[in-house]
Amino acid sequence: MNPIIETKNLTIAFGGHTAVDGVNFTVPANHFKSIIGPNGAGKTTFFNLLSGQLSPTKGKVMLKGEDITKLSPTARTRKGIGRSFQITNVFPNLTVLENVRLAVQSVAGVRYQMFKHFRKYRQFEEKAQEILSLVLLENKASAVAKNLAHGEKRKLEIAMLLALEPEVLLLDEPTAGMSLEDVPAILEVIKKIKADGNRTIILIEHKMDMILDLSDSVMVLFNGRLLADGTPEEIMNNETVQSAYLGGLYDDTAS
Ligand SMILES: Nc1ncnc2c1ncn2[C@@H]1O[C@H](COP(=O)(O)OP(=O)(O)OP(=O)(O)O)[C@@H](O)[C@H]1O
């Protein structure tokens, strides 16, 4: 199967420290891949290299066979790579539905001209409603964004990201900073996005137990290097992973 996204010998050094070190990674379309690893393993840096926030010292990022290593984050978004924190345009005083509709509209490249484009406006709103139900936020459609609880804000961010219709969705610890009671709701959303199909999802997560049943494959980063890559079962049974990652070096208290 042709990979949708892959990296070749992807490497970045900050001064003397190599944060991502020669990573070869391949993800087929519609695959769910998780990236795990202890604090400082290079997971977020790796995402920054995929989304274009950072340029590698060496190596390549390929999207559907095209070398995108030199493209800006915006150009990569246009080509179908969506990353959660790229959403900076949540309007706090607008409702949840209005925010998502504007995101849908921005992709369609149409300005807010309600009377002129009344039929289209309705289509945008319907699309926004669909996305809200996908992220289990339809009951908050008329809530003002700034009044949402933390977990709900995270869902809104995911909804706005989905409005951009990314083929590859990069989720960097979507449950970070969340209270334990909010975690299952976000996991449910991720499961629904996966079940919705037609999207490749790459998820960074600290908590291994959280991602085992979601993932088609799991990649383990350790000191910037790819320590292992395989099915969740293979990773759980991998002795190197067990000793390096599960065997005490893993700091579960941070982030
Ligand atoms: N811009 C930068 N300049 C210098 N060093 C950096 C920079 N970004 C990351 N690093 C270093 O690269 C290493 C990898 O960091 P990174 O944030 O990618 O790890 P991580 O696996 O995402 O960790 P965490 O799970 O704590 O988020 C760390 O040692 C970090 O200090």
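View 1. The structure is a predicted model, in which local features need pLDDT of at least 70 and side-chain atom pairs count only at pLDDT 80 or more, while totals for chains, interfaces and linings use all residues. Residues are numbered from 1 along each chain as its sequence is written. There are 12 residues around the ligand, and F14, A19, K43, T44 and T45 come nearest, where a residue is near a molecule if its C-beta atom, placed from the backbone, lies within 6 Å of it. By class, the shell holds 3 nonpolar, 8 polar and 1 charged residues; Ala, Val, Leu, Ile, Met, Phe, Trp, Tyr, Cys and Pro count as nonpolar, Asp, Glu, Lys and Arg as charged, and the others, Gly among them, as polar.

**View 2. The contact between domain 1 and domain 2.** The protein chain is divided into domain 1 (1-80 + 167-174 + 181-255) and domain 2 (87-165), with bounds that come from an automatic or database domain assignment. Domain 1 brings 11 residues to the contact and domain 2 brings 10 residues, two residues being in contact if their C-beta atoms, placed from the backbone, lie within 7 Å. On the side of domain 1 that touches domain 2, helix α6 (residues 183-196) gives the most, with 7 residues. That side of domain 1 is made up of 6 nonpolar, 1 polar and 4 charged residues.

**View 3. The packing of helix α3 with helix α5.** The axes of α3 (residues 96-108) and α5 (residues 150-163) come within 8 Å and cross at roughly 20°; axes are lines fitted to C-alpha atoms, for helices over the stretch in contact, and angles run from 0 to 180 degrees between N-to-C directions. The two helices are therefore roughly parallel to each other, a term for angles under 35 degrees. From α3 the contact takes V96, N99, V100, A103, V104 and V107, and from α5 it takes L156, A159, M160 and A163. These residues divide into 9 nonpolar, 1 polar and no charged.

**View 4. The packing of helix α5 with helix α6.** Here α5 and α6 pack at an angle of about 15°, with their axes 10 Å apart, and they are therefore roughly parallel to each other. G151, R154, K155 and I158 of α5 make the contact with A185, I186 and V189 of α6. By class, this contact has 4 nonpolar, 1 polar and 2 charged residues.

Terms used. Helices (H or I, at least four residues) and strands (E, at least two) are DSSP runs, numbered from the N terminus. Angles under 35 degrees count as roughly parallel, over 145 as roughly antiparallel, 65 to 115 as roughly perpendicular and the rest as oblique.
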